[in-house]
Amino acid sequence: MKIAFFGDVHLPVFKETLPYKVLDWAMQDIQKKADCAIFVGDATCDGNEQTYLYFLGKMQSVNLPFLFIP
């Protein structure tokens, strides 16, 4: 079993930034190569709820089992 283990993406409120591009790349890689994913925290850099929900949506879009520790 291959497990993608990652954290500290620190997404800002503004989506036109590098962290969002890196997240897209990571989600594509995880979907191709992993059987499940574990995220260990710091999804946003400022605790913004909409950013947090965006991140959860990205995690769900890879259609793999995942464990999320906020």
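These legends go with close-up views of a predicted model.

**View 1. Helices H1 and H2, side by side.**
Here we look at how H1 (residues 18-33) and H2 (residues 49-61) meet. Their axes come within 10 Å and cross at roughly 25°. Angles under 35 degrees count as roughly parallel, so that is the word for H1 and H2. As for handedness, H1 passes H2 in a right-handed crossing.

**View 2. The residues where H1 and H2 touch.**
Which residues does H1 bring to H2? On the H1 side they are Tyr20, Leu23, Asp24, Met27 and Gln31. Facing them from H2 are Thr51, Tyr54, Phe55, Lys58, Met59 and Ser61. Sorted by class, this contact has six nonpolar, three polar and two charged residues.

Zoom in on Lys58 and Asp24, whose side chains meet in a salt bridge, 2.6 Å from N to O. Lys58 sits in helix H2 and Asp24 in helix H1, so this pair ties together parts that are 34 residues apart in sequence. Asp24 is partly exposed, at a relative accessible area of 28%.

Asp29 is partly exposed, with a relative accessible area of 26%, while Lys33 is exposed, with 52%.

Setting aside neighbours within four places in sequence, Thr51 is in contact with Leu11, Pro12, Val13, Tyr20 and Thr44.

**View 3. Asp8 and the residues around it.**
This view moves to the loop between strand E1 (3-6) and H1, where Asp8 is found. Which residues does Asp8 contact once neighbours within four places in sequence are left aside? They are Phe39, Gly41 and Asp42. Asp8 and Val40 are 32 residues apart in sequence, yet their C-alpha atoms are 7.5 Å apart in space. Asp8 is partly exposed, with a relative accessible area of 47%.

Most residues other than glycine have a negative phi. What is phi for Asp8? The value is near 55°, which is positive in a residue other than glycine. Asp42 also has a positive phi, near 60°. Asp42 lies in the loop between strand E2 (36-39) and H2, and Asp8 in the loop between strand E1 and H1. The two aspartates are in contact with each other. Asp42 is partly exposed, with a relative accessible area of 40%.

Terms used
Residues numbered from 1 in each chain as written. Predicted model: local features only at pLDDT ≥ 70, side-chain atom pairs only at ≥ 80, totals over all residues. Heavy atoms only, no water. Axes fitted to C-alpha atoms, helices over the stretch in contact; angles between N-to-C directions. Helix = DSSP H or I, 4+ residues; strand = E, 2+ residues; numbered from the N terminus. Parallel < 35°, antiparallel > 145°, perpendicular 65-115°, else oblique. Left-handed = near helix turned anticlockwise from the far one by under 90°. Contact = heavy atoms within 4.5 Å. Nonpolar A, V, L, I, M, F, W, Y, C, P; charged D, E, K, R; others polar. Salt bridge = Lys/Arg side-chain N within 4 Å of Asp/Glu carboxyl O. Buried < 20%, exposed > 50% of the residue type's maximum accessible area, 1.4 Å probe, protein only.
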